[in-house]
Each structure stands twice: as structure tokens, then as C-alpha cells.
Amino acid sequence: MSGRDLFCQPRRIGRGATLTLVFASVLVAGAATGSLPGTDRRSTGDTVRTAAAPSTRHEDVARAAAQAMADGKSPTEAAERAVSRSGDRWGAVYSQGEYEEFQEALDGRYTGVGLWARRERDGRIEVTKVSGGSPAAEAGIRAGDRLRSVDGHAVDGRPVTEVVSLLRGDATDSGAGTTVTLGLERGTRAWTLTLRRARLSTDSVTVRTLPGGVTVIKIASFTKGVGDKVRAAVRRAPAGAGVVLDLRGNSGGLVTEAVDTASVFLDGGLVGTYDVDGDERVLHAAPGGDTTRPLVALVDGGTMSAAELLTGALKDRGRAVVVGTRTFGKGSVQMPSRLPDGSVAELTVGHYRTPSGRGVDGAGITPDLEADEQALKRAETVLGGLGDTT
């Protein structure tokens, strides 16, 4: 399992909407708004934004929260209990502050120190990446360093999401300018650093060119502007050269951006369908995409939600060869509603399907070619067979 303080959704990550599919329209009571492709192009959160009437389950949760407030109890806790009783695997309740943080992360902004981390099999937390120009980078922290503690709390054995929450200071609503003390280890050296949190930007798209001319476009998550960045990278790629779209570890994000990314490689047509309480909707690519450039999509068990929507579209439309391991299988759609105390409840209202009508939820997408450790090498070989990659 891996994580990063820069795109840590709020601390209830294990329970719901932070792994959900992002759709668009109007968030009840006017929190962060957005829309589906083809209408208003504003940013959305990782959930379905719809003007559809709230489901019975939403009404039940809202009623439980209102009753708790009337009784002088915590509406958020009452809502959480109601969601738990509903049996909704992906349902979740966020405080107003947590939901706003979530929206900011999807817009490509976050408060943190610029560390990516993962938990090793022995429970140790290892730094895997340090964002350039971040407080962590300026303090000399490097990939491979061991993170031992955050503000005096030992982190060995903790889920990465908890470690990230400590780094961000979620429990104390710590903003930019607040300090966090890290205990670190590198080889035989152990030391302590106090860093000041800062407002940083995500780097959701990275591009590199392999020696043979293949362009590798890595999408870490679908934050605002990803589609435009992918389009620019494809235009800069050598004429006729193959492209590897690396979606490994991509936990989703804005579906508007996933559809926009699909539009880079498709000339219109269906990207997927989804339903909201039985009412089917469609997602279409914009016309004019590059349909001739050889394309491979790399996926793994960490590819989920909006990234699976994109993968399914490219696979079903015959536009890309999918290489890697089976994707996560997160194909359910959540709708948010505002509760009396300003918190937000998200409950599952439907599922999405690929252009061929295949459901993804619980099944994932099986790649055309299985590959694990040598997935990128396999992708290069495939591109060599698809056309001129030089």
C-alpha cells in the first residue's frame, strides 16, 4: 500500500468516497460543483454530482443527522452510523472541512510537506518520492529514507492513510504555515526535523521519452487539467511514435478529466455509461482525437474508478492494448448530499459500464496481456508490433 501527503483525501479514506467515481452536476446545498462533459466544465469532486432527487437512503441519513442535532448530539456521528447500517460499502460521511480539502486536492492543490510514502511488508514507512521545491525537499529528505515518527507518534505498522493524515495535520485542522516534526532514519543515521507545512500543487502527469522514442505518460490521478496535459504531451511526441499511458496506481479523480483524456485518443463516440437510481446516462468523447498513434495502457491492481473508466473505453473501442494485471474493480457511483451541520454524506446510487456494456464493480478489467515486473518492457514490445515507434 502506498500514499502521499499531497493527495491524501480526508481521514475517512478507508470508508468511501475518496476512492469513488467522479461524475458531475450539482452538489446538493451548493458545495463544490461541476458538470458532465458537454455542459459546464467546472471541477467536480470524486463522486457523482447530480440534480436527481435524493434516494431514500440519503433521506434516511439526513433524517438521522437532523434528529441527532435536535437532541443535542453529533449529527455527523449519527449519519456515520446510518451509513454503516445501510451496508453501503463505499458510503461515507465527511465533515465540511474534510470535504473542502478533498475538493482542493482534486483541483490540484494541497497542504503538506511534499512526501510520498509506502508501508513495507515489515510495517516500516518508507519515503518513495519527494516533490521538488517542497519543504521536505528543501530539508534534504530523500526517497528511501525511513519515516519513524510524526509529531512524536510512531508510525511503524500504521496504514499509510493514517501517516498521511498526521503529516497533513488533519486532526488539528493544521493549515499552511503550521509545523510538523518528523523522525527519520537513513542507514545508521537517525535525526529529527521540524518542517513548516505549505500550499503545494500536485504533479498528476509526468512525461518521459524512452531511448527508442516511445513516450511514457504517467497519470497519477485525474486532477483538474490532466486532459489538457496529456493532449499537450501527445502533440509533443515524435510523429508516429508510440505512447504508453501509465495508469498503474491511479485511484481515480475527476471523470470529466478521464473523459477528456479519452478524447485525446478517440474521435468521438462512447466512453461509458452510468446510472443514477436506475436512470441511465452516457459519457461521450469529443471528436478529433489522435486515432492512429500506437497506444498501450498500463494497469495494475491500484488502477481504479475513473482510471478504469478510461481503460475500459480504450480497450472496448479497440484503441489501446491493455498490459499489466487486473484492475481494482471500483465501478460504483456515489451521490453527495449536504447534512444539517454542513457535513456531506455520500451513498452509492448506481454503477458505470464500459462501452461494450461490461460492469467493472467487483470485477475490474482484465488486461489483454498479463505482465507484472516487466510491464513497461512488455509495453515497448507491443508498441514495436503495432507500428513505427521511432
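Trainee: What should I know before we start?

Mentor: This is a predicted model, where local features need pLDDT of at least 70 and side-chain atom pairs count only at pLDDT 80 or more, while totals for chains, interfaces and linings use all residues. Residues are numbered from 1 along each chain as its sequence is written, and side-chain values use heavy atoms, leaving out hydrogens and water.

Trainee: Okay, why is Trp90 called buried?

Mentor: Buried means under 20% relative accessible area, exposed means over 50%, and partly exposed is in between, with a 1.4 Å probe and protein chains only. Trp90 has 7% relative accessibility, so it counts as buried. Phe328 comes out at 31%, so that residue is partly exposed.

Trainee: What makes Lys330 a charge over the face of Trp90?

Mentor: The test wants NZ of Lys or CZ of Arg within 6 Å of the ring centre and within 35 degrees of the ring normal. Lys330 lies over the face of Trp90 at 4.9 Å from the ring centre. Likewise, the charged end of Arg189 sits over the ring of Trp191, 4.0 Å from its centre.

Trainee: Why is strand β14 described as largely enclosed?

Mentor: Six of the seven residues of β14 (residues 270-276) are buried, so the rest of the structure largely encloses that strand.

Trainee: How do you know that β14 pairs with β15?

Mentor: Two strands pair if DSSP finds at least two bridges between them. β14 and β15 (residues 279-284) have six, in the antiparallel sense, and Tyr274 stands opposite Arg281 in β15. The two strands form a hairpin with two residues between them, and Asp277 in the turn has a positive phi of about 50 degrees. β14 also pairs with β19 (residues 344-353), antiparallel over two bridges; there, Tyr274 stands opposite Tyr352.

Trainee: What makes the link between Thr223 and Ser204 a polar contact?

Mentor: A polar contact is a pair of N or O atoms within 3.5 Å; within protein, one must be able to donate a hydrogen and the other to accept it, and residues adjacent in sequence count only if both atoms are side-chain atoms. The side chains of Thr223 and Ser204 are joined at 2.7 Å, a polar contact. Thr223 is found in the loop between β12 (215-219) and α6 (226-236), and at 2% relative accessibility it counts as buried.

Trainee: Last one: buried, exposed or partly exposed for Arg208?

Mentor: At 47% relative accessibility, Arg208 counts as partly exposed. Arg208 lies in strand β11 (residues 205-209).

Technical notes: Helix = DSSP H or I, 4+ residues; strand = E, 2+ residues; numbered from the N terminus.
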